Amino acid sequence: MYELMTPGPTQVSASVLAARAQWAPNPDQDEDFLELYHKTAQRITQMMGGDETFETFILAGEGMLALEAAVASLTEPGDRVLILDNGIFGGGFADLVRLYGGIPVVYNMDYRRPLDPIALDIYLRGQRRIKYATLVHCDTPSGMCNDIAAICPVLKRYGLLTLVDAVATMFGQPVHVSQGIDVLCGATQKALSAPAGLCFATLSPEGRAAIAERKSPVPGFYANLQTYLDYYEKRWFPYTMPAHDILGLAAALDVVEADEERYSRHALLARATRAALEKGGLELYPQGGYAETVTAFCVPEGLSDKEVLRKMREEHGIMISGSFDVLEGQVLRIGHMGENCQREKLVGTFEALQQVFTDLGFVPDPPLAENFQRRC
Ligand SMILES: *Cc1c(COP(=O)(O)O)cnc(C)c1O
């Protein structure tokens, strides 16, 4: 066992584990289950700032399923789709769009800077015939957070539907679907601190209409939001729902609801994390647009990320993360979301990191943990 200080999956809350160990109703035949599912989905909509015109569907699959189902359901052959690419997940949407017969129009920006709504506005003046845009709230591999509340309204002004991946932020920092989001994707294993296995898609009325009224069938059964659109009226799910997972999800939402300082704590501890690292001589990877759920910083010159991760885990019992794809070997990441977002856990992480860096010949000064504690 080790402490999971990774940016997902996170430590699962004790009450979620207990809820999943309960007896569960038959999800195919028991109306009580249908109501539990429906109510749980409505709670997510409300927590994301949506009124009754928005609707959330909970899908049985890890976060990537929500992204794939959203792209599969919105894309028709030949549709042009704007890919806002300032990170690995951001750029990754192009692959999904291609897979479903769409034509990605890639807006490629600096991976160390958040998307600029003014520059995007200027770019959009020269574009025609784009059906929807994809963007990521927090691009987890780089810790980059885009200001979706500023960007989505710009996209809407140009008549584009918006598909937002907020897997790494939902329930850790505020997300408001009413600020121009047509399809919002989230999942359980990040700030919600439930196990991987469920994901969500919240649709605006426009998002729903685009999916309901498309001309060609969605080319897939499982990665498909169309099959969910009237589940409640028909009292029928496209496949057997994992009832125990839904019980766990409901318990995770209870934790969020009872935690009144959740967003302010994430913001405070994220700020203290960044300050401790920077003052200690480390370089943050993002240059602006810092996420409140994860912090990415550059591997100090001459050190190996793998060696840092190994020593953290073997000598201190704490798992943090490196990164992947174009950031492989370049950055280290601390996840401070959901259950991980606790002052004492971060103090322990910084004490261990201080020791590991010192052993490897890089001495953060002032010491990380001390400095962190002074700031929160
Ligand atoms: C975690 C995450 C996902 C889901 O991806 P996995 O790598 O399968 O966990 C999707 N988008 C973002 C931004 C994420 O952080």
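Predicted model: local features only at pLDDT ≥ 70, side-chain atom pairs only at ≥ 80, totals over all residues.

Residues are numbered from 1 along each chain as its sequence is written, and side-chain values use heavy atoms, leaving out hydrogens and water.

**Stop 1: the ligand.** Select the residues around it (a heavy atom within 4 Å): E62, M64, F89, V136, C138, T140, D165, V167, A168, Q189 and K190. This shell splits into six nonpolar, two polar and three charged residues.

Now zoom in on T140: a polar atom of its side chain sits 2.3 Å from a ligand oxygen. K190 also has a polar side-chain atom by a ligand oxygen, at 2.6 Å. For D165, look for an N or O atom in the side chain, 2.6 Å from a ligand nitrogen. On its own the ligand has 380 Å² of accessible area (Shrake-Rupley method, 1.4 Å probe), and the protein covers 81% of that.

**Stop 2: helix α7.** Pick residues 205-212 and find G207, A210 and I211, which are buried (under 20% relative accessible area, 1.4 Å probe, protein chains only). They span an arc of only 95° around the axis, so they lie on the same side of α7. Show α3 (63-74), β8 (161-165) and β10 (198-203) too: the buried residues of α7 pack against them.

**Stop 3: T45.** Which helix holds T45? Select α2, residues 31-47, and there T45 is. T45 is buried, at 5% relative accessible area. Beyond its neighbours within four places in sequence, T45 is in contact (heavy atoms within 4.5 Å) with G50, D51, F54, E55, T56 and T202.

Terms used: Buried < 20%, exposed > 50% of the residue type's maximum accessible area, 1.4 Å probe, protein only. Helix = DSSP H or I, 4+ residues; strand = E, 2+ residues; numbered from the N terminus. Arc of directions from axis to C-beta. Polar contact = N/O pair within 3.5 Å; in protein donor to acceptor, adjacent residues only side chain to side chain. Nonpolar A, V, L, I, M, F, W, Y, C, P; charged D, E, K, R; others polar.
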